[in-house]
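Reader: I would like to learn how to read a helix and a ligand site in a structure. Could you take me through one case?

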Amino acid sequence: MRAADTLPAQFNAAQWFVGRHVAQGNGERVALVSNGEKLTYAQLDDEVRRFAAALEAQGIHRGERVAITLPDSRAWSVAFWGALAAGAVAVPLNTLLKADDYRAILADCDARLVIADPTIVDGAAVAPSGCTVWDAAHLLEQVGRTTPRADYQQTHRDAFAFFLYSSGTTGEPKGVVHLHHDPWICARTYGERVLDVRPDDRAFSIAKLFFAYGLGNAQYFPMDVGAACILFAGRPTPLAVFEQVALYRPTLFFGVPTAYAQMLAAMDAGAEADFSSVRACVSAGESLPAPIFERWKERTGLEILDGIGSTEICHIFLTNEFGACRAGSSGKPVPGYRVRIVDEEGHDVEDEATGDLLVEGDSTMALYWNKHERTKAVLDGSWIRTGDKYRRDADGYYWHAGRSDDMLKVGGIWVSPVEVEAALTAHEAVLECAVVGHEDQDGLIKPHAYVVLKSPKQAPTESELQLFVKERLAPYKYPRWVTIVDGLPKTATGKIQRFHLRARSRA
Ligand code: 3UK
């Protein structure tokens with residue numbers, strides 16, 4: 001029997017994570033702390049049921065997609081859980097994308113409603129025809145004037161709940177479809193068995209709610225036990241983060257390696273930071289280099305629990321544990337997940353040998369939306385191919401050994417080299433180029449572009465090419481280094497040999 005089968009067939013995740021606390025007499029507990037404002041579970045439950053009613057009044061039916069392009073805020077949380085409460089499907093979107101990216105995603109998921117912050121994107125300019133556009137003010141206005149639904153829509157535990165868009169190898173968006181039971185499984189596994197989240201916890205995540213990582217960190221893990229979520233709408237610069245931590249005293253703190261490195265640099269430069277309220281620091285998104293782990297421990301006295309998760313598996317499935325961290329490793333399987341490392345024939349490899357990482361657990365996506373062949377390529381019964389190379393040591397710790405595709409994790413976010421190359425090649429002076437990962441001074445991967453010019457006489461500067469990419473793609477994708485070369489290493493058939501460039505980047 002699957003773990004999810006212990007749930008009743010009728011199960012609505014919004015009822016579990018929001019409404020249940022009111023039903024159990026805990027409605028006065030604080031659910032959200034955001035921008036100096038507090039919202040209790042009773043208030044959130046009321047707003048969620050009002051928003052669900054407003055969706056129905058707007059003609060949004062069960063299963064239809066409601067896209068959310070808002071900063072982390074009360075409106076974000078109301079829109080997300082309200083969509084689920086109505087039996088609709090929430091589609092949180094990355095707030096750093098360009099208009100063309102939004103257009104592609106909204107068309108792919110066939111959104112009926114998009115709630116867009118006009119400072120992030122002009123909703124009307126990117127919504128497909130027949131899709132209504134609201135901003136956060138309109139959402140809150142609707143919530144204020146709509147009579148709440150009496151209850152949460154009766155959904156099946158295996159019904160579609162939310163899509164999270166991830167990036168494919170050529171940069172095309174892939175909608176990862178999650179079910180109502182998936183966040184409940186993550187709460188039963190990583191939330192309960194690893195973090196041991198408690199009602200008096202306060203969770204703060206640098207990774208925003210539109211990432212699978214942030215969504216668990218600062219919504220459904222704390223909300224599983226009636227704890228508080230600290231939501232910050234702004235850009236999480238080190239100083240802004242230190243200020244939020246000082247103001248709201250989180251007990252659970254979630255970051256990505258790049259953010260820990262930046263905070264350490266700010267501390268080295270004399271910035272005041274007080275992490276004494278925090279009982280657990282977590283890192284995910286890419287490997288946490290051991291020196292960052294050590295320096296953070298020296299500075300704050302806290303260990304950082306590095307764990308690997310994926311959008312497809314919903315949250316973390318391999319992790320270090322309190323008091324047993326092995327810096328540089330991804331730790332051991334989270335209770336509730338099984339992992340295998342296999343060779344090319346699919347046979348389990350010995351300890352210390354590198355192979356492909358497969359994972360089995362009950363929070364794995366149902367499918368990639370509109371991508372049947374991609375779905376079949378990664379799902380194998382109850383197992384999923386992660387695309388990661390791993391090795392297990394004799395003590396059972398797992399060590400990340402790279403990707404089986406060319407995808408880069410930059411600041412914990414996917415970057416497709418192919419997409420950056422296409423953007424650079426659109427520059428009139430560029431003949432061809434190749435983008436590979438290169439380690440910065442903290443041991444973290446950033447994009448490095450090798451560019452062949454059409455003519456040496458017409459040589460753009462490095463910053464001109466960087467700006468050119470930033471204008472066309474989400475800004476975190478730009479190449480941090482640009483090297484002009486005479487030619488690219490290629491195979492006899494003309495395929496670029498990226499491993500040569502990667503080796504060159506390391507030298
Ligand atoms: C890489 C890591 C080494 C790895 C995520 C926590 O990152 C998350 O999801 P994504 O879909 O990316 C998944 C891929 O990222 N990765 C993530 N964490 C680590 N590599 N060490 C790590 N600690 O390639 C993986 O396949 O963006 C992280 C929770 C939920 C998530 N979605």
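Predicted model: local features only at pLDDT ≥ 70, side-chain atom pairs only at ≥ 80, totals over all residues.

Reader: Which residues of helix α11 are buried?

Author: The general idea is that an α-helix has 3.6 residues a turn, so residues three or four places apart point the same way. In α11, which spans residues 290-300, the buried residues are I292, F293 and W296. Seen down the axis of α11, these buried residues fall within an arc of 100°, so they line one face of the helix. P291 and E298, on the other side of α11, are exposed.

Reader: What do the buried residues of α11 pack against?

Author: They pack against α10 (257-268), β12 (280-283) and β13 (304-309).

Reader: Which residues come nearest to the ligand?

Author: Of the 22 residues around the ligand, D306, G307, T311, D388 and K409 come nearest. A polar side-chain atom of D306 lies 2.7 Å from a nitrogen atom of the ligand, and a polar backbone atom of G307 is likewise 2.7 Å from a ligand nitrogen atom. For T311, an N or O atom in the side chain is 2.5 Å from an oxygen atom of the ligand. The ligand taken alone exposes 610 Å², of which the protein buries 95%.

Reader: How do the residues of the shell divide into nonpolar, polar and charged?

Author: The shell around the ligand holds eight nonpolar, nine polar and five charged residues.

Key. Residues numbered from 1 in each chain as written. Heavy atoms only, no water. Buried < 20%, exposed > 50% of the residue type's maximum accessible area, 1.4 Å probe, protein only. Helix = DSSP H or I, 4+ residues; strand = E, 2+ residues; numbered from the N terminus. Arc of directions from axis to C-beta. Contact = heavy atoms within 4.5 Å. Near = heavy atom within 4 Å. Polar contact = N/O pair within 3.5 Å; in protein donor to acceptor, adjacent residues only side chain to side chain. Areas by Shrake-Rupley, 256 points an atom, 1.4 Å probe, with all protein chains shown as cover. Nonpolar A, V, L, I, M, F, W, Y, C, P; charged D, E, K, R; others polar.
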